[in-house]
Every structure is written in C-alpha cells, then in structure tokens.
Amino acid sequence: MKQFFKYFLASGLAYLVFGVIFLSIMIGIGSSMFKGKPPVTVKNNSILHLKLDKPISETSYFELDQSTFQPSEKMGINDIVRSIDYAKTDDKIKGIYFEPTSFSAGLANLEELHDALEDFKESGKFLVSYSEGYSQASYYLASVSDEIYIYPTGSLAWSGLSSERMFFSQMLDKLEIDMQIIRGSNNKFKSAVEPFILDKMSPANREQTEKYMFSFWDHMVSEISKSRNIGVEQLNTLADEMSITNAQKAVDFKFATGIKYQDEVEDILKEKMEIEDDKKLKTISLNKYMSVAKRKMKVKNLKNHNIAIVYANGEIISGKGSPEMIGSETTVKHLRKARLADSVKAVVLRVNSPGGSALASDVIWREIELIKKSGKKVVVSMGNLAASGGYYISCNADKIFAQENTITGSIGVFGMIPNAQGFFNNKMGITFDRAKTNEHADLMSISKPLSDEEYKVIQKEVDRIYDDFITKVAEGRSISKEMVDSIGQGRVWSGKDAIEIGLVDEIGGIEDAVNYAAELANIEKPIILDIPKRKKDQFEDILKALSEEQDKVSTSINSPGTFSSELLNQLQILKSLNIQSKDRIQARMPYVITIK
C-alpha cells in the first residue's frame, strides 16, 4: 500500500509539474501570437471585404470548440455594425465587397446588419455582393447591394419560413416516464412544456407561432421588395412555386444582377476602383478593419465614458455566467459597475435571451431598479430574443427598443418534475424505498408521482411567481395587471406586434437605444463603455475556455429544425430544470426562430 501511494503521489506531482510547464509555454506562445504586433493600417483607395464566415453573437470573443479543441472566434454584432458605420466616413474606404459564406445569426442581428448596410449605401460608396450560394438570410443582407452576383452553378434559396418542433411524449410513454407539468394556471401559450406532453403543437401554440412568423416574413419580403423593385405579391408567388432553383433563375427574376466567377467579380471591382487588370485590389478584411475602427474610436481616459452598454446574452441562470450565459451574479456585477461609475449617466441593457430561471431574472431585475433609483436612466435594446425571463429583466426600463423581428413577450412560468417510477421499476428492474422524518421530505424525488396535495402546493407557488411577474411588468410598463395578463399567459410576440400591445416602445437597434439614452441623460456626445469589456489579449479568452468546464449543451442558431439541434435544445431545457436547484421554476422560451 505504501508503494501504491508513493507511485500515485509521484505520478500526480509529475502531471502537475508538466501541466504548469505546458501552461507557461502556451502563455508564452499566446503572448507572442497576440502581442507586440504593429497596429493594422488601412491603405488609401481600399475596399472593406465583408466576408461573413463565422457565427455572429452579441459581442466578440473566443471559445473552445469542444469537437476539435481548437479556438473558435465569434464576431460581435456590436463590433461589425460599428465597423460598417466607421467605414461610411473613412476616406480610405471606397466601398464594401460583401461575401456571405456560412455564417449564423439571429433574426434581430440580421436586421441590424441589414440596417447598417443600408445606412452605408447613403454615403454614396458602392456595395457589391457575391456568393457561391445565397441562403435566405444571406440574401436578405445582400438585397440592399448595388449589384448582386452569383456563381454560375450556385443557388439561391427562396421558399419562405418554417418552424418544425420535435415531440417526445410517445417516447416518454414507451419508457413509462411521466413529465409532471406545473405552469401558470392560465399559461396556455407557454409552449416550452409541449414537447414532453403532446405529440403535436397545441392550437394556442400554432396560433402564436403562425402570427409572429408571418410578421417576420412580411417584413423580410417588404424590405427585399423595396431594394430589388420586385412586387410583394410576386415574391410570395415565387416562393410558393419554388421558382428560384438556380443562378440563372435568380437573374431572370431580378434577384441577382448577373452570373459571375469570383475572379470576374474582382475585375468589376477593379473597374470601380479604376485599377489596371494586372494590379491587385487593395482590400482589408472585416477582422482587421474591426481592430482599426476600435482603435480610432477608443477613448483613452476611461473616466470620460458617459453611457454604459451592459450585455446580457443567453439563458438566465443563478450564479456566474459566460459570453453565452446570463449568470445573475455576473450580470449584477456588471450592472453595479455601471451604477457606481460616476461618469456614466445612462445604461443601455442589451438583452438577447430566451429566459431561464425566474429567481435569477428577479435578482437582475432588482439591480436595474437600483440603477434607476440612483438617478441614472436605463434603456433596453432587445436583440434576437428578449422573451420570458429576458422580458422580465427588461420590463422596468425607461424605454424599450426592439427590432420588428425580435421575439419577445412569453410572460409566463412553468416547472417540470419527471416521475420515472414506471421506467425504473418496469424497464430497469430498479425499486426504491425510503425513510423520512416528515410527510413531504421526498417532495422532489423522481422515483414517485406527486400527490394531489403536493401538486396543489407547487401549482400555488408557480401561480404566485406568475402574479409577481405580471405585477412587475404592469408597474414597469404603466399598464394594468389585467392587461398584462391578457397579453401574457406565456404568449410570444414579434417586436412589431409588441409595440401595438405596449410591451415595446419603439423599433430600433442598439445605436437607436444609445442615442435615446443620451437624449434622456442630456448627453451631447455618447462615449460608450462596453461591459463586459473585450480583453486586450485574445489568448486570455482561449485560456479561459480551456480552464472552464465545457459541459454546456449548445444549439446551432443556423440549423433550426434539424434533429440534432432540436434535441440538444430540449436537453438544455431539461438540464436547466434541476429539480434540486433554486432555478427549478423557469420563465423561458422553448426554442428560437431563424432564417435559413
């Protein structure tokens, strides 16, 4: 036994030493990779090459790809939009060469990019798009271009929007697992629970889904109609008849300017830049230009910041968060930083969240109340989603901005407690027995059903939380509780419809929210403080990703309706419903809507 411990301790010490040495080497390599490089400069008569080939998030950061263990970069919509806006007034940039490849973005982020490109065109500079194949999302962005080119054997998708759900109730029946659902007594639209108890969409869920999907589609078609001078009726007919099947069809129906190889598009750009054929185009990539724009707009004296943008992105949980997870502890820390900064006169809360823990949402709501009590203004900018818990943390702002295709509302709460007694007993041959001091000490056990009394107690608690939710919304939005309840009950709304019912104040993106916050706080020139701030050393992001527990279930926003993404999404809901956790009562959306 002594020999065992001897070798065990020796090997453990060796691994520890090796780990320290390896980490030191990696830090050294990272420092040499990311530090000490000369700043990027823009040459005269350059073109901004806007190649979208990475996932678009709220802020830019690196994460560790769990499948390849390689660092993966996500581009922040804030950085992209600011870069396009800066390029508009940059004398060295003469135009944008837009090349969407395989990027993923939510609906509202797509709208902010669309608006930024439209705004860029007003400068009089050219905007040319090219792709080997356009998805509906990438074509929506490209549609604002002066010229749109497509590869000879390329494709352009145009078929409309769809939302497909996966239902598990029959599988659970076969496994003899009963999902005990407790949701607000009248929360018939709270559809997050449906995959576990139904085999198809409920009439209420179908009603709300079709309403906001038609709202999104109508807006998308209307914008393309204006940009391409194609009638709305014709655009719908082309989608219904699946008329756009290849590059030539795209040109025939005026979706594209012409069919070109990439080298031919580069020749067109040379003509615009008045460059000889044997000369190279001067282009600068989006990544490099983002660093230029950041450097030019950087404020050296941090005490000069007068507006803080606090980013709240992802599912809402108790405790610490991450770039893709809103932890109540972390988010409160960020909001408190903005509240206590003397130079900051207003706070813009950027919310992109399907919701999550009702408790964690309330903790964040409280900190926003404290900011307002301190005399500072709070304006919310809703991203792709600000639903359920995401709306909870938004409702008491001085003003709420959203895009027409933002998904919001879903004011409701629920809990799920699985009863797996039949599964364990009949499928696995496992039985349970217990000793307890009190009648309901085993309340949250998954090996037995809830009694009628226990169900009623939990239902009462869920109803209490829902009542508290609609009370806060009523107070924050200055409308009656009865009105909130009538538009609540878990119902999801598009940003456009949310304005009509009083849940949102104005259509607009994050820049609109910043400008309004400046107006409220009598700020002549907004000077932005981003919270959390992107680290100077990108390698720190990678080291953090290596050190963090990588057990989160992620969902691709670019692949809605696929088996894997839908399954992972539902598994994430189950993962969030840890029945022994204080977060077991949820205020969340069941899924996201994207344009493929």
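View 1. Serine 478 sits in the loop between helix 15 and helix 16 (481-487), where helices are DSSP runs of H or I with at least four residues and strands are runs of E with at least two, numbered from the N terminus. Its phi is near 55°, a positive value in a residue other than glycine. The model is predicted, so local features need pLDDT of at least 70 and side-chain atom pairs count only at pLDDT 80 or more, while totals for chains, interfaces and linings use all residues. Residues are numbered from 1 along each chain as its sequence is written, and side-chain values use heavy atoms, with hydrogens and water left out.

**View 2. Lysine 254, a second residue with positive phi.** The loop between helix 8 (247-252) and strand 9 (258-259) holds lysine 254, whose phi is near 70°, again a positive value in a residue other than glycine. Lysine 254 has a relative accessible area of 43% and is therefore partly exposed.

**View 3. Lysine 190, buried without a salt bridge.** Lysine 190 belongs to the loop between strand 8 (178-183) and helix 6 (203-228). Although buried, lysine 190 has no salt bridge, and the nearest side chain of opposite charge, glutamate 194, is 11 Å away; a salt bridge here is a side-chain nitrogen of Lys or Arg within 4 Å of a carboxyl oxygen of Asp or Glu. Not counting residues up to four places away in sequence, lysine 190 touches several residues, among them Arg183, Ser388, Phe414, Gln489 and Arg588, a contact being heavy atoms within 4.5 Å.

**View 4. Phenylalanine 432 and its contacts.** Phenylalanine 432 is placed in the loop between helix 14 (421-427) and helix 15 (452-477), and counts as partly exposed because its relative accessibility is 43%. When residues up to four places away in sequence are left aside, phenylalanine 432 touches Phe424 and Ser447. Lysine 448 is 16 residues from phenylalanine 432 in sequence, and the C-alpha to C-alpha separation of the two is 8.9 Å.

View 5. Isoleucine 531 and proline 532 are joined by a cis peptide bond, with omega about 0°. Proline 532 lies in the loop between strand 22 (528-531) and helix 19 (538-547).

How values were computed: Buried < 20%, exposed > 50% of the residue type's maximum accessible area, 1.4 Å probe, protein only. Lys, Arg positive; Asp, Glu negative; His and termini not counted.
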